Amino acid sequence: MRAPRTIDLFAPADLPARSAPRPAVQPVAPRALPPRAIQPSRAPLWLGVHVPELSGPGQPGTSRALLVLAARAQRFTPRVSLAPPDGVLLEVRSSLHLFGGVEGLCAALLGECAELKRTVTLAFAPTPLAALVGTRAQRPFRVLDAAQLTGSLAPVPVTALRWPQETIERLACLGVRTIGQVLRLPRAGFAQRFGTMRLTDLDRLVGRASDPRERFEAPARFRRRRELSYESASHAQLAAALRPLLAELGDFLTARQCGVLALECLFWHRRHAPTRCELRLGEPQADAQRLAQLLDERLRTLALPEPVRACELRAGLPVARRLHSAGLWQPGERGGRAEASGIELIERLRVRLGEEAIETLQLVPDHRPEAAWCRAAPGASAAAASAPPPQDGPDAQGALRTAPRPLWLLPVPRRLPQHGGLPRYRGTLHLEGEPERIETGWWDGRDVARDYYNARDVHGRRLWLYRERERPHRWFLHGVYG
Amino acid sequence: MNADSPRSGLAPSRPQTDPRLERLLSHPALWRAGAAARAPVWPSGFASLDEGLPGGGWPRSGLIEILPARFGQGELQLMLPALAALTARPEARWCVWVKPPLQPFAPALASSGMTLTRVLIVRATDRGRRPAALWAFEQALGSGACDSVLTWARHAPVRQLRRLQLAAQRGNALGILFRPRESARESSPAMLRVALEPRRGGARVTLLKSRGGTLGALDLTWEAIRREPLEAS
C-alpha cells in the first residue's frame, strides 16, 4: 500500500504521546506511512462549523444555506469541505497567524455567520471527524494538539458520532455512553459486533486512519458587463453589443460541458433604473448563436425608457447538458425525429408570445366536458403518455368511451334564449336524436346535471347544447361540431 | 406500394386504364403537361376527394386554404382524417394549432384518432402592429418541426400569404388556413383553395383553385372516412 497523495493535508497526525493514557484499543501499526511524513508544525488543524438550524430529519442533503456558508468560509482558507446536512469543515492551520490565532479566527468567522443570520457552534481538532464531533459536544471543544485529542474526546457522548440509533442503543446496553468508553473497547470484538465501518470511524476520529475530504468549490457563474461607446435605444445595436458577450458565454459553457436554463440582461440608463430582460429556456443551452437569436426576439418586444449606456449579461447556474447526435434521416421522414427543431420552435414562440401561450392537451377521465381535458406544458405530456393507461374504462389515450363529441368546446357555455320552451341561436334550432344525460361531479362541488342535445342551426352547423335539469331549465350552447 | 412514399401525381388517378399505358406513362423520360403537381401528398381519408385532388391527396408541403361559408360547417372534420393519420405516425412531427377560435375539445380529437402528444396549441395575442397569429403560423411552418400547421384568419394580405407558402415549402409542412368564404374573391398563392358548404351528414366540397388538378365540386359524407394508418408495416 502506498501513502495517499493527500498526505500533507489529510494524513493522520502523530500518535498520542506516551504521556496520554494508552487506550486498550490497540492502534493499527502505521506500516505504510513513513514514520515522520508530516512535520508537527504542518499537521492539519480542522475547524468544524455546526449549524443547528439545518440539522433535523426533514432536511435535504445539502441545503442552499450550507452552500452559502461554505462560500463565505472560503474567505478564511481555500480548504473548505461540506459535511451535509449541517456542517462545514475548514482546514485552518496555516490561516491561524493571518487572523490572529484561534481567538481571532473564531471572532471573524462568528462575525460572518452573524451577517448570514446563522447561529453556529465551532470546534477545533486535528482530525476532521473529531472537529465535527466536537461541534456537537455541547461545550467548547478546542484541541490544537494531536496529543490531547483522545483525552478531550473521552467525555463526549457517543451520540455525537451520529451512528445509527440501533448501534447507539446496543452500546448503551453495554454501558458505553461516551467516546472514551468506546475507545477502550477491544478492537477485534468491537469490529465483530459493530462492523469494520464503525472501527474505521473510530480510527478516523483519533487520526489513526486517513480521512480524505472532498474539497468544496463554489459553482462558477457567468457575468460580464460592457460599456457602450455610444448611447443607443435601437434593439439591433443592443443585440450587436451583446453578441461578443454571448460568444464569451458560449465558450465558458462549452469548456465546462454545461448549458444555461436562464439568462438575464441588464441595460443601464443614464437616469432610470436598469431595465431587466429575462430569458428562460426549455433545455440547457450553450450555443451562442441560438441564444443570440432568442435574445433578439425578446429584445424586439422590450420597452426601454431611455437610451442604454451599458449592458450586462448574467447567466443562471450552469447545468449539465445532454448532447444530441444528429440524425441520419430528415425530420418527418420515416425514422426521422424532429425533437431538436421542435424544442427550438417552442422556445422561439415562448420568447415572443409568453410562457403560457404554448400548450398541449391532455385527457382526464371525467364525464363532465369541461373537466375531461386539461392543459399541459409541451414535454410534460410526453412523460404522461408513456405511463401505462388504466386497465378499465378509458382507452389507450385515457379517453372515456362516450357518444360522439364536438371538436370545439366553448370556454364558457353560452346562454341561449328560449322561445316556446325550445332554444334559439341566430334562428331556430332543430334538435336531433336522443338527449344524453350527464349528471356527475358531486364530489368536488362542481357537479353538473344536464341533458345534452345535438342540434342543427339555420346555417347547417351541428351544435351541442344542454338543458339544465334543475329549474328554470335554462339552455346553453356548449360545443360546435366543426 | 408503400403508402407513406410519395405518390406519383396522376390527377385524377384512373383505376380503369390499361396497365400497359400506365407503365408507359410512368416512364421517367416522359413529361406530361397535366402532371405539374408531382409533389408528394398525404391521403385525405376520403376516397372520392383523393381522386379529385392533384396528386391524390393533400400536398405534403405548401399552403392550402379552406373556405367555409361560416365557422363550424365541417371544415375541421374535412381535415381531421389526414391530421389524425399524420400525428399517429411514429416519426410524427408537431401538429400546431395557432390561435384556434374556440377550445379544441381533446376527447373528440382523441376519439377521431389524433395523438394528443403531437398536438401543440399556440395562443397568440396580438402585440403591436404585426399580427401575432400569422407570425406564429409562419414560424411554425418554416421551422421544420411541424407536419401540419392550422390557423384561422379573416384578413391575410397576398404578400403575407406568399411568405407563408414559401415558409411551408422551406419547412416541408402542410399549412392549412381557414378563411371565410368572402376571401375567395381575393387572389391567393395557395396551392389549393377549397370551398365548403354543409350537407346533411357531410359537406359539398368545391375546388376553387387546384394547382395541377381539376376543378369541380363533390359531395362527401363523414361516414365515408377511411381510417387507415399512413405507415404500411
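The structure is a predicted model, in which local features need pLDDT of at least 70 and side-chain atom pairs count only at pLDDT 80 or more, while totals for chains, interfaces and linings use all residues. Residues are numbered from 1 along each chain as its sequence is written, and chains are lettered from A and ligands numbered from 1 in the order in which they are written. The model scores ipTM 0.82 and pTM 0.62.

**Chain A**

Select chain A to begin. This chain holds 13 helices and 19 strands; helices (H or I, at least four residues) and strands (E, at least two) are DSSP runs, numbered from the N terminus. Of its 482 residues, 30% count as buried, a residue being buried if 20 or more other C-beta atoms, placed from the backbone, lie within 10 Å of its own.

Next, select residues 187-194 and 196-206 of chain A, which are helix 8 and helix 9. These helices pack at an angle of about 130°, with their axes 6 Å apart. Axes are lines fitted to C-alpha atoms, for helices over the stretch in contact, and angles run from 0 to 180 degrees between N-to-C directions. Helix 8 of chain A and helix 9 of chain A are therefore oblique to each other, since angles under 35 degrees count as roughly parallel, over 145 as roughly antiparallel, 65 to 115 as roughly perpendicular and the rest as oblique. Display the side chains: R187(A), F190(A), A191(A) and F194(A) of helix 8 meet T196(A), R198(A) and L199(A) of helix 9. Two residues are in contact if their C-beta atoms, placed from the backbone, lie within 7 Å.

**Chain B**

The chain averages 82, and 84% of the residues score at least 70. Among its elements, helix 1 (residues 19-25) has the lowest mean pLDDT (79), and strand 8 (residues 174-178) has the highest (94). Over residues 1-13 of chain B the pLDDT is below 50.

**Where the chains meet**

Finally, show both chains together. The contact takes 39 residues from chain B and 46 residues from chain A. Helix 4 of chain B gives the most to the side of chain B that touches chain A, with six residues.

Select strand 11 (residues 358-363) of chain A with strand 6 of chain B: these strands run antiparallel and are joined by two bridges. Here I358(A) stands opposite V122(B). Two strands pair if DSSP finds at least two bridges between them.

Key
A residue is buried if 20 or more other C-beta atoms lie within 10 Å of its own, exposed if 12 or fewer, and partly exposed in between; C-beta atoms are placed from the backbone. pLDDT is the predictor's confidence in each residue, from 0 to 100.
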